[in-house]
Amino acid sequence: MLYSEKNNMQQLTKPEKVYLENTNLMYALAPTSDIGNIRETFFANQLKANHTITFSGQGDFRIDDLIHLR
């Protein structure tokens, strides 16, 4: 789940985006998945092991509260 940059109380609301853990699950559920969503899922999956990822209003991801990616 990808939350926006909020404090702990505001994170009790729904997340901005929800990604599956594995891109293979996307193909199992819907054989014609959107390639952009697959890329975002893979990117978030790889970076979440060593970094903090949140949703950014300026781009798609904010990594470690330093980098905005579009």
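1. Helices and strands here are DSSP runs, numbered from the N terminus. On that basis, the protein chain reads α-α-β-β-β along its sequence. The count is 2 helices and 3 strands. The model is a predicted one.

2. Confidence comes next. The mean pLDDT of the protein chain is 77. A score of at least 70 is reached by 77% of the residues. Among the elements, α2 has the highest mean pLDDT, at 86. Strand β3, residues 67-69, has the lowest, at 64. Comments on β3 should be read with that value of 64 in view.

3. Now the whole-chain numbers. The protein chain has 70 residues, and 26% of them are buried. Its accessible surface is about 5200 Å². Carbon and sulfur atoms account for 54% of that surface. Take the contacts between residues at least 6 apart in sequence: 25% of these join residues at least 24 apart.

4. Which residues form the largest nonpolar core? There are 6: Tyr19, Ala44, Leu47, Ile53, Phe61 and Ile63. Two elements, α2 (35-47) and β2 (61-63), each give two or more residues to this core.

5. Helix α2 passes a simple length check. It has 13 residues, and at 1.5 Å a residue it should span 18 Å.

6. What is buried on α2? The residues are Ile38, Glu40, Thr41, Ala44 and Leu47. Two of them, Ala44 and Leu47, also belong to the largest nonpolar core. The cover over the buried residues of α2 includes α1 (23-29), β1 and β2.

7. Threonine 41 sits in helix α2. Is threonine 41 buried or exposed? Its relative accessible area is 2%, under the 20% cut-off, so threonine 41 counts as buried. A polar atom of its side chain lies 2.8 Å from the backbone oxygen of asparagine 37. Setting aside residues up to four places away in sequence, threonine 41 touches Tyr19, Leu20, Thr23 and Met26. Of these, Tyr19 is one of the core residues.

8. Glutamate 40 is also placed in helix α2. Its relative accessible area is 19%. The limit for buried is under 20%, so glutamate 40 is classed as buried. Residues up to four places away in sequence aside, glutamate 40 touches Lys17, Tyr19, Asp60 and Phe61. Tyr19 and Phe61 are members of the largest nonpolar core.

9. Lysine 48 lies in the loop between α2 and β1 (53-54).

10. Which residues does lysine 48 contact, leaving aside neighbours within four places in sequence? They are Glu21 and Ile53. With glutamate 21 there is a polar contact, side chain to side chain, at 2.7 Å. Ile53 is one of the residues of the largest nonpolar core. Lysine 48 and isoleucine 63 are 15 residues apart in sequence, and their C-alpha atoms are 9.1 Å apart in space. Isoleucine 63 is itself in that core.

Notes:
Residues numbered from 1 in each chain as written. Predicted model: local features only at pLDDT ≥ 70, side-chain atom pairs only at ≥ 80, totals over all residues. Heavy atoms only, no water. Helix = DSSP H or I, 4+ residues; strand = E, 2+ residues; numbered from the N terminus. Buried < 20%, exposed > 50% of the residue type's maximum accessible area, 1.4 Å probe, protein only. Contact = heavy atoms within 4.5 Å. Areas by Shrake-Rupley, 256 points an atom, 1.4 Å probe, with all protein chains shown as cover. Core = buried A, V, L, I, M, F, W, Y, C linked by side-chain atoms within 4.5 Å. Polar contact = N/O pair within 3.5 Å; in protein donor to acceptor, adjacent residues only side chain to side chain. pLDDT = per-residue confidence, 0-100. Expected span 1.5 Å × (residues − 1).
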